[in-house]
Amino acid sequence: MSDTRGPLQDVRVVDLTDERGIYGAKLLADLGADVVRPEPPEGDALRRRGPHLEDAPDGPTSLWHAFFASSRRFLSVDLDSEAGNAQLDALIDRAHVVLCCTGAFGAEQERLDAALSRRPELVVVEVSSFGKEGPWRDYLAPHIVAGALGGAVAPTGDADTPPLNAFGELHFMMSGVYVAIAALGALHLARVRKIGQRVHVPVHECIASGLEQVLMWYWYHDRLPMAKGPVLERRGGLHWTNAFQTMRGRDGCVFVTPAPNRDAQLAWLIEEDAAGDLWDPKYQDPANRETFTLAVMQRLREWVATRDVEPLFKEGQARGLAYGQVVPVEGVADNPHLAAREWWTDYLPTVRGPGAPYAFSDTPWEIGPYGDVGADTEAVLSEIGWTESQ
Amino acid sequence: MRPLEDVKILDFTHVLAGPFGTRVLADMGADVVKIMSAVRETGRTQQDSPYYLMWNRNKRSLAFDMRHEESRQLARRLADEADVVIDNFSLGVLDRWNLGYEIVSETNPGVIYVQMSGMGATGPWSDFVTYAPTIHGLGGLTYLTGVPGRGDIGIGYSYNDHQAGLHGAIAVLAALEGRRSTGRGQRVDLSQFEVGVNFAGLALLDWFGNGRSASPVTNREPYDNNAPHGCYPCAGAASDALVDERWVAIACMSDDQWCRFRNVLGDPEWARDPALATTRGRSEAAEILDQRIAEWTKGLTAEVVMERCQAGGVPAGVVQTGLDLCERDPQLKLSGFLAEIEEPHPMAGRTYADRLPIYFERTPCDEYRPAPVVGQHNAEVLSEWLGMSEEDVRRGEEAGYLS
């Protein structure tokens with residue numbers, strides 16, 4: 001059994017995902033499930049994704065894979081052989097949950113159909129890009145294309161930039177988190193009622209579900225006083241409410257808002273002699289609420305431009321305002337709050353990375369060791385009762 | 001039957017992150033009872049606001065005035081009946097109402113108690129006030145999503161609020177599974193900041209492992225250098241306004257896809273340059289490639305570019321706006337993902353749902369009720385959860401602790 005602990009320590013998962021679902025498998029594995037990831041003898045194709053650890057003792061190691069395939073056990077199987085297919089089927093037969101993506105290694109429909117017919121309590125979560133049918137069913141959708149079609153690229157960027165894709169794998173981390181929810185929701189029912197099932201998760205809909213104002217703007221723009229039509233244009237760091245904005249300071253950028261304590265913000269501007277006409281009685285009229293918001297934000301932009309951002313951020317927070325400094329990666333790595341919470345964890349012997357985003361009081365989380373290609377093959381085959389003579 | 005119909009959730013969440021998490025659980029059948037206040041601004045005056053309508057469907061509402069001891073006692077009794085108590089208030093609010101984990105778990109040891117604070121329950125910044133863009137800034141996402149030389153763009157919507165909510169749902173579901181094994185509930189300290197920093201994970205491993213500080217890359221790939229890889233302007237705009245611009249994303253993720261793209265382009269002379277045959281060559285020439293491709297896309301609509309590319313085996317997709325998603329997207333039409341909620345909202349009238357993007361084959365989650373108005377389910381919930389009579393509820397409403 002895996003050494004991992006956590007609330008899912010009694011759950012066995014087979015991970016047949018690719019980029020679209022692997023974050024879901026990571027979440028279950030990090031939460032303590034015994035997650036076995038089968039891979040071909042030459043290794044998982046995702047082990048070639050960058051960034052790589054350049055000075056690893058055995059040559060460059062994929063940090064992408066170390067992050068997304070954390071806490072797993074790795075089983076090497078040759079699916080061109082009868083034995084390899086039998087091994088994978090036997091592994092699935094002892095699992096509670098199978099996570100798979102259409103077209104991924106080992107995720108053939110016939111295999112999963114047969115497993116479900118053998119074991120009605122099995123949960124199979126299947127991820128597709130666009131759904132099982134429809135004109136885009138077979139469309140190719142790597143991260144930027146998935147984000148574009150899902151509606152996540154259009155609102156990001158500014159008037160003088162193209163629409164922008166989010167850095168990294170954020171759209172597939174959205175589908176990934178739904179994969180974990182689908183698996184745990186179905187597992188709950190399987191535990192309570194002994195009902196297993198196939199569960200389908202289309203990436204396209206997952207992305208569209210997490211766009212804050214985008215769908216709201218279309219459906220309710222006639223009820224939003226600031227809306228001029230069904231679509232809000234991309235506009236840099238200015239939030240749809242007009243009351244939140246990432247602004248440029250003297251030595252960097254900082255997110256600034258008078259929320260949730262507008263009075264505290266106004267008092268601060270007065271102390272700094274930067275309030276201008278914000279006390280004009282015309283702004284007391286509820287009909288001028290939007291005009292007032294725009295005036296406050298204009299004052300703030302002018303004021304912030306004259307200030308250094310780190311002390312501004314800290315003083316804003318001290319005054320109960322939700323300011324946030326824009327920091328590069330090394331700034332995140334040096335964050336004193338994360339250090340005080342002892343949050344970072346080791347992904348490789350020399351490489352730290354994000355810890356658990358939630359702390360369970362009774363079943364604490366810890367990341368499992370990272371393995372080479374097929375590192376756990378012998379142990380896993382032994383557990384499924386596979387002998388060399390087979 | 002839906003997967004979570006046996007799960008009772010007492011919901012003290014507000015704004016977006018918390019309500020989005022409990023929305024997912026409610027969509028899957030959990031009985032999510034939202035404690036609301038008629039005396040707060042976020043109560044009656046905001047209950048038909050689009051933002052509230054978006055994140056609170058499929059829930060039931062109780063109206064409490066927590067200044068009254070009777071309200072706090074009722075909330076305490078409800079917590080004893082709940083499988084899950086969840087909040088995203090600032091730290092200490094529920095403790096002040098005598099609803100802290102230590103107190104509730106004394107009489108309800110099976111309770112799963114999820115606190116979704118901005119920064120987590122401990123640490124020097126634990127009392128910081130945060131919204132999603134605060135966390136995007138502090139967690140590196142604002143810096144990384146943008147163009148070189150700018151730090152003020154970032155993600156154009158509150159990505160982390162959605163993710164924090166979804167991670168909250170996972171915490172609930174994982175703790176339910178843990179309770180099945182151990183027989184005990186537990187407390188979960190969910191830091192929305194730590195959820196957000198997780199999304200810069202690759203850049204952070206690269207920093208800790210190699211000492212490399214990632215920079216914004218516009219629309220290029222940050223690590224694998226595939227090219228072309230970007231968003232390109234297209235014809236077909238309804239006006240010159242920014243909001244009407246049309247764009248398409250194109251990404252060649254291999255040498256083979258580049259060869260296919262050459263065919264889609266009609267194999268022009270410039271594309272035959274042998275230096276472009278490899279990922280490295282295309283990456284080095286990415287800027288000129290982007291210019292050439294933009295010249296081609298400008299003469300075509302985004303839909304035509306997408307269809308030609310996809311037919312030729314090249315990944316491409318229209319940069320869809322909300323209007324595209326709601327009116328033109330054939331996949332969303334086919335699945336019925338975006339739909340009006342049949343039952344009208346008592347105050348707002350017509351409301352809408354982007355459905356749960358999870359399709360359970362044997363236990364479909366296809367029930368959608370509008371977000372509740374404050375106190376809409378006072379009698380119903382207090383009867384079902386606590387066995388209170390209608391008369392007792394009416395008495396509480398008259399006394400003001402049930403509003």
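How many residues of chain A are in contact with chain B, and how many of chain B with chain A? In this predicted model, 151 residues of chain A touch 153 residues of chain B. The views below begin with this contact and then turn to the sheets and pairs of strands.

**Figure 1. The interface between chain A and chain B buries an area of about 12900 Å².** Carbon and sulfur atoms give 68% of this buried area. Across the interface, 62 residue pairs are in polar contact, both residues having pLDDT 80 or more. On the side of chain A that touches chain B, helix H6 (residues 170–193) of chain A provides the largest share, 18 residues. Sorted by class, that side of chain A has 92 nonpolar, 35 polar and 24 charged residues.

**Figure 2. Salt bridges link chain A and chain B.** Side chains of opposite charge can pair when their charged atoms come close. Between chain A and chain B, the count of such salt bridges is 12. One of the salt bridges joins B:Arg184 to A:Asp362, with 3.3 Å between the closest N and O atoms.

**Figure 3. A salt bridge within chain A joins A:Glu169 and A:Arg49.** Over all chains, a search of the whole structure finds 65 salt bridges. In the pair shown here, the closest N and O atoms are 2.8 Å apart. A:Glu169 belongs to the loop between helix H5 (143–150) and H6 of chain A, while A:Arg49 belongs to the loop between S2 and strand S3 (52–53) of chain A, so the pair ties together parts 120 residues apart in sequence.

**Figure 4. An open sheet of 7 strands includes strands from chain A and chain B.** The strands follow the order S5(A)-S2(A)-S1(A)-S6(A)-S7(A)-S8(A)-S12(B), and their pairing is mixed. At the edges are strand S5 (72–76) of chain A and strand S12 (359–360) of chain B, each of which pairs on one side only. Within the sheet, strand S1 (residues 12–16) and strand S2 (residues 34–39) of chain A run parallel and are joined by 3 bridges. Here A:Val14 stands opposite A:Val36 of S2(A). Helix H4 (residues 109–118) of chain A packs on the sheet and touches strand S6 (97–101), strand S7 (123–128) and strand S8 (197–202) of chain A. The direction of helix H4 makes about 140 degrees with that of S8(A).

**Figure 5. Strands of chain A and chain B pair in the antiparallel sense.** Strand S14 (residues 358–360) of chain A pairs with strand S6 (residues 186–191) of chain B over 3 bridges. A:Ala359 has B:Asp189 as its bridge partner in S6(B).

**Figure 6. An open sheet of 3 strands in chain B has antiparallel pairing.** Its order is S7-S8-S9. Strand S7 (229–234) and strand S9 (316–318) of chain B stand at the edges with a single partner strand each, so one side of each has no neighbour in the sheet. On average, neighbouring strands of this sheet are turned by 25 degrees against each other, direction ignored. Strand S8 (residues 246–251) of chain B pairs with S9(B) over 3 bridges, and B:Ile250 stands opposite B:Ala316 in S9(B). From chain A, H5(A) lies across S7, S8 and S9 of chain B and runs at about 20 degrees to S9(B).

**Figure 7. Two strands of chain A form a hairpin.** Strand S12 (residues 345–348) and strand S13 (residues 351–353) of chain A run antiparallel and are joined by 3 bridges. Between S12(A) and S13(A) there are 2 residues. The bridge partner of A:Leu348 in S13(A) is A:Val351.

Conventions. Residues are numbered from 1 along each chain as its sequence is written. Chains are lettered from A and ligands numbered from 1 in the order in which they are written. This is a predicted model: local features need pLDDT of at least 70, side-chain atom pairs count only at pLDDT 80 or more; totals for chains, interfaces and linings use all residues. Side-chain values use heavy atoms; hydrogens and water are left out. Contact means heavy atoms within 4.5 Å. Buried area is the accessible area (1.4 Å probe) that two parts lose on being put together, summed over both. A salt bridge is a side-chain nitrogen of Lys or Arg within 4 Å of a carboxyl oxygen of Asp or Glu. A polar contact is a pair of N or O atoms within 3.5 Å; within protein, one must be able to donate a hydrogen and the other to accept it, and residues adjacent in sequence count only if both atoms are side-chain atoms. Helices (H or I, at least four residues) and strands (E, at least two) are DSSP runs, numbered from the N terminus. Ala, Val, Leu, Ile, Met, Phe, Trp, Tyr, Cys and Pro count as nonpolar, Asp, Glu, Lys and Arg as charged, and the others, Gly among them, as polar. Two strands pair if DSSP finds at least two bridges between them. Axes are lines fitted to C-alpha atoms, for helices over the stretch in contact, and angles run from 0 to 180 degrees between N-to-C directions.
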